[in-house]
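Colleague: I am new to this structure and would like to go through parts of it with you. Please show it to me before we start.

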Amino acid sequence: MNRVAFVAVASILTQRKVQLQSAGDSKHIHYQLKSREQHLADALSNEYDVIIVGGGATGAGVSLACANRGLKSIVLESQDYASGASSKSTKLVHGGVRYMQQVFQLSEKNRMEKWQLVAEALKERSNFLSMCSYLTQDFPTLIPCTNLFDLGYYYFGSLIYHCVYLYYQTGGHTFKPPRIVGKDEIQQHFKFAKCNYGVIYYDGQFNDARMVQELLVTSSLKGQNMANYVEVKSLLKNQENKIVGVQAYDKIGQKQFQIKGKCVVNATGGWADNLRLMDDPNVSKRIVSVAGSHLTMPQKYGSNYWGYLIPKTNDGRVLYMVPWLGNMIMGTTERKLDNTINDPTVSDEEYMWLLKSFCDEFAIDANEVAKDVKSKWCGVRPLVYQNNALSTKEVSRTHEIEVSKSGLISVMGGKWTIFRLMGEQTVDKVQELIGNNYKRIENLPKLVGDWTQFDNKKEIQVMMNKFDLPQSYATYFLTTYGDRAYDVLKLVHEKPENKECLHPQFPHTVGEILYQIRYEQARKPEDILFRRTRLGFLDQNAIFNVYEKVFQIMAKELKWPEKFQKEFLKENFEYIRKLEF
Ligand SMILES: Cc1cc2nc3c(=O)[nH]c(=O)nc-3n(C[C@H](O)[C@H](O)[C@H](O)COP(=O)(O)OP(=O)(O)OC[C@H]3O[C@@H](n4cnc5c(N)ncnc54)[C@H](O)[C@@H]3O)c2cc1C
């Protein structure tokens, strides 16, 4: 039996085993997940085919591609999973209408590149939504128009966007064609809108940091390892100067150790040049870091279903407003950074620009809007630099995979929407390098929460009855964890104290936080507040109310010594204070 077949059979047997273990609950699988410590113990005894540095969208995508081809990999993340750009995106699964627009601009120099970028992303958009239906949805986006010329222009542009999708579609999720809408329909969604008509086109939307978690949990169930708060400090090389592993530092256990591997994938996003320079101090830098900022507003300013795209703000930029988890997020800006910084903040200038652009578009009082901002955040987009680019607008948005002489595979650039493709292409390079012949899996892999293929509406009702939940809570658990929701809710119902709610406006309970610590490697309060739950992105005031409770749950569960608790509380609270308006 070859190795791929072996891994597939082993994976089916493991699933059967866990299914039988959930006696009395025949339909729902109980997923046996490893703790962070078990993953680290594996790391010390294994030799890997691939060591993946970076636990964002790209690293998680590479891990999944390794799992599906029967390669053995480990993801090492120096902070928390998705703590880089991958939790700070606009949450769009999209082909990029603005690149489509650029294809037809007379001044455009890289027409073919832009075309390929859109075609590739539109293909991946369908794959993305069908891999993980519970965490994603398609949503209509309105392009407001003030005159008939614009209406025609944006309608035909959106139609071409749709036709490109239809042409390249190979199955997966289907999207509706664009349509023209009038003032009445617009007003039902955006009561402050000034425009008389507009064009609706369709794209996808998702929960970015949770998606990284679902990818990693899926890989883990297929035999892969992963550990957060483990920083790669240097590359280990043999006498022929070929990479044979990494020197890593566990920031939680405060230990240095070596991990052996046949090759190393550099999936460190905005930090990619650091690893490239570790490998060869003479290489030229390739990453241009561009910061992008968003604000979170109450839903009353927008729609709970439609997005809104301003294709040209007063100063010629693009601005998205997207409904997300019961709120509306608006962004993004573009600001070139000289250094990649871990937690870039929203500059005053960007904050004011976002507010002004919003108020220019809608009939709203700027002072009122400013009082209602609930959260703000900034992420770093890693673009790959070509010598001829003069401005960040001209730096390519495509991804690039570079293989160094010593075998470091750096996957750079790209976007969230195409993480699967980037993962597959990177693993093609891995196979060329380490010389095995495992083939790509043709069927699209489903993510763990999608394995039982439930019917959402029925399942919400079952969950409401079984766990005595209001509809909104059942919906939250199902659209966050898919069929893993049953494992989470079992823990919530295991003891009365686990049912305690953290905040009256959010569905998070003590039991859910325990699940995230035990099975999703949450190790600091910020991991829970920003990425396992999305509280920090939705309502920064709410996290001041729940911070101490989360800290206490973690201190008890992880048995933090008292001295450590004091230092840690101070360090972490300062991190969160930085967010205050
Ligand atoms: C503002 C903004 C909006 C965006 N909106 C969208 C969108 O709507 N749709 C879309 O498709 N794309 C979007 N993108 C792009 C998308 O978010 C990024 O392309 C993607 O998240 C990059 O993922 P990554 O894994 O390469 O990088 P990151 O998520 O930054 O991950 C890199 C990781 O490497 C880790 N690391 C670094 N050095 C080391 C080391 N030595 N050892 C171990 N770990 C290390 C870091 O801690 C980090 O977590 C947006 C980006 C930004 C900034």
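**Helix pairs and a loop residue**

Modeller: Helix H15 (residues 485–492) and helix H16 (residues 510–519) pack with their axes 8 Å apart, at an angle of about 120°. This is a predicted model, where local features need pLDDT of at least 70, side-chain atom pairs count only at pLDDT 80 or more, and totals for chains, interfaces and linings use all residues. Residues are numbered from 1 along each chain as its sequence is written, and side-chain values use heavy atoms, with hydrogens and water left out.

Colleague: How is H15 oriented to H16?

Modeller: Angles under 35 degrees count as roughly parallel, over 145 as roughly antiparallel, 65 to 115 as roughly perpendicular and the rest as oblique. The angle here is about 120°. H15 is therefore, relative to H16, oblique.

Colleague: Which residues of H16 make the contact?

Modeller: Contact means heavy atoms within 4.5 Å. From H15 come Asp 487, Val 488, Leu 491 and Val 492. On the side of H16 the residues are Gly 511, Glu 512, Leu 514, Tyr 515 and Arg 518.

Colleague: At what angle do helix H3 and helix H12 pack?

Modeller: H3 covers residues 57–69 and H12 covers residues 419–434. Their axes, which are lines fitted to C-alpha atoms over the stretch in contact, lie 8 Å apart. Angles run from 0 to 180 degrees between N-to-C directions, and for H3 and H12 the angle is about 60°.

Colleague: Is H3 largely enclosed or open, and how many of its residues are buried?

Modeller: Buried means under 20% relative accessible area, exposed over 50%, partly exposed in between, with a 1.4 Å probe and protein chains only. H3 is largely enclosed by the rest of the structure, because the number of its residues that are buried is 13 of the 13.

Just after H3, Gly 70 has a positive phi of about 80°. The buried count for H3 stays at 13 of the 13.

Colleague: Where does Val 346 lie?

Modeller: Helices (H or I, at least four residues) and strands (E, at least two) are DSSP runs, numbered from the N terminus. Strand E15 spans 335–337 and helix H10 spans 348–361. Val 346 lies between E15 and H10, in the loop.

Colleague: Is Val 346 buried or exposed?

Modeller: Leaving aside neighbours within four places in sequence, Val 346 is in contact with residues including Ser 293, Tyr 351 and Trp 377. Its C-alpha atom is separated by 5.8 Å from that of Ser 293, 53 residues apart along the chain. Because its relative accessibility is 12%, Val 346 counts as buried.
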